[in-house]
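This note is written for a colleague who is meeting the structure for the first time. Please read the numbered points with the sequence and the model at hand.

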Amino acid sequence: MKVAVLLLLSFLIVTNLVSGEEIKIKKGEFITIAHRGASAYAPEHTMQSYNLAKEMNADYLEIDVQMTKDGIPVAYHDDKLNKKTGWTGEIEKYTLEEIKQIDIGKWFGTDFEGAEILTLAEIFDRFGTNTNYYIETKKPKQGTEEAIFDLLVKYQLNLFNGQVIIQSFSESSLLTMKKLNDNIPLIKLLNSESATNLTDHKLKEIESYADGIGVDYRVVDKDFVEKAHGNNLLVHAYTVNEINSMKRMLTFNVDGIFTNKPDVLLKLSSSN
Ligand code: G3P
Ligand code: CA
């Protein structure tokens with residue numbers, strides 16, 4: 001009986017039904033986000049790429065999520081299979097069993113031949129509560145957020161301390177996630193055009209549901225960051241791989257950077 005009560009309590013806490021604790025990503029703490037893993041050194045979204053990012057001590061593993069035909073969240077960037085795989089068509093047209101036959105490593109080099117598309121569950125199985133995850137709902141269709149959320153709960157990830165961040169270009173996807181759990185930090189992604197045309201009104205609207213914005217670094221400058229900070233929004237710049245651009249972003253005081261080279265950024269940011 002005691003065990004059942006304890007289990008129920010843990011479930012309620014994880015799903016934020018009994019706790020009003022507010023948690024956001026810690027302000028003032030710069031984060032290094034390993035974009036699709038350490039994807040400059042290994043094929044993106046593979047276990048090799050995530051293992052490397054973890055070894056490099058990246059703060060977050062970035063994962064783009066697509067859904068298979070049978071409703072399984074998998075780590076893949078495009079909604080269509082990349083020609084480099086030798087397969088074509090949309091991921092959502094294939095079952096997981098079919099998807100698992102695709103080699104996403106060999107285009108990168110023979111060392112990576114045989115690398116599979118990973119399910120989100122496999123990534124959580126590998127790294128568990130030992131790391132932080134920065135998950136993007138890529139082309140969210142009905143049920144995507146629920147499927148991801150179920151896994152966050154199943155793997156007992158801490159939804160109160162920023163262990164998981166959800167990002168999306170889709171406002172409705174972020175709002176769906178917010179309904180599922182109001183504590184997970186949310187980042188609204190902006191492409192260069194929408195960031196360039198960002199009005200105060202839009203910033204305030206974003207601030208009403210999100211904790212920050214993820215922005216193409218090419219349109220980020222000091223004023224942009226100050227304006228976002230003035231609206232209580234963090235700024236995470238994507239995707240910065242050149243050392244001079246990293247330095248520029250750090251000078252502008254961004255709160256985090258997505259990079260394929262977390263080792264380079266970590267060295268730079270720790271000496272800053
Ligand atoms: O998620 C931030 C950045 O990754 C967005 O661009 O196309 O690399 O997913 P993309
Ligand atoms: Ca992404």
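**Notes on the ligand site and the strands**

1. Ligand 1 is surrounded by H35, R36, E62, D64, H77, E136, K138, Q167, L189, Y238 and F258, where a residue counts as near a molecule if one of its heavy atoms lies within 4 Å of it. This is a predicted model, in which local features need pLDDT of at least 70, side-chain atom pairs count only at pLDDT 80 or more, and totals for chains, interfaces and linings use all residues. Residues are numbered from 1 along each chain as its sequence is written, chains are lettered from A and ligands numbered from 1 in the order in which they are written, and side-chain values use heavy atoms, with hydrogens and water left out.

2. The shell around ligand 1 comprises five charged, three polar and three nonpolar residues. In this division Asp, Glu, Lys and Arg are charged, Ala, Val, Leu, Ile, Met, Phe, Trp, Tyr, Cys and Pro are nonpolar, and the others, Gly among them, are polar.

3. Polar contacts (pairs of N or O atoms within 3.5 Å) link side chains to the ligand. R36 places a polar side-chain atom 2.8 Å from an oxygen atom of ligand 1. For E62, the distance from a polar side-chain atom to an oxygen atom of the ligand is 3.0 Å, and an N or O atom in the side chain of E136 is likewise 3.0 Å from a ligand oxygen. Taken alone, ligand 1 exposes 280 Å², of which the protein buries 90%; accessible areas come from the Shrake-Rupley method with a 1.4 Å probe.

4. Strand β6 spans residues 186–190, and five of its five residues are buried, that is, under 20% relative accessible area with a 1.4 Å probe and protein chains only. Strands are DSSP runs of E with at least two residues, and helices are runs of H or I with at least four, numbered from the N terminus. On one side of β6 lie L186, K188 and L190, on the other I187 and L189, and all are buried.

5. Which strands pair with β6? Strand β5 (residues 164–168) runs parallel to β6 and is joined to it by three bridges; pairing requires at least two DSSP bridges. From β5 the chain passes through helix α6 (residues 171–180) to β6 in a right-handed β-α-β crossover, clockwise from the first strand over the helix to the second when the strands point away from the viewer. Strand β7 (residues 212–216) is also parallel to β6, with four bridges, and I187 stands opposite G212.

Terms used: A polar contact is a pair of N or O atoms within 3.5 Å; within protein, one must be able to donate a hydrogen and the other to accept it, and residues adjacent in sequence count only if both atoms are side-chain atoms. Buried means under 20% relative accessible area, exposed over 50%, partly exposed in between (1.4 Å probe, protein chains only).
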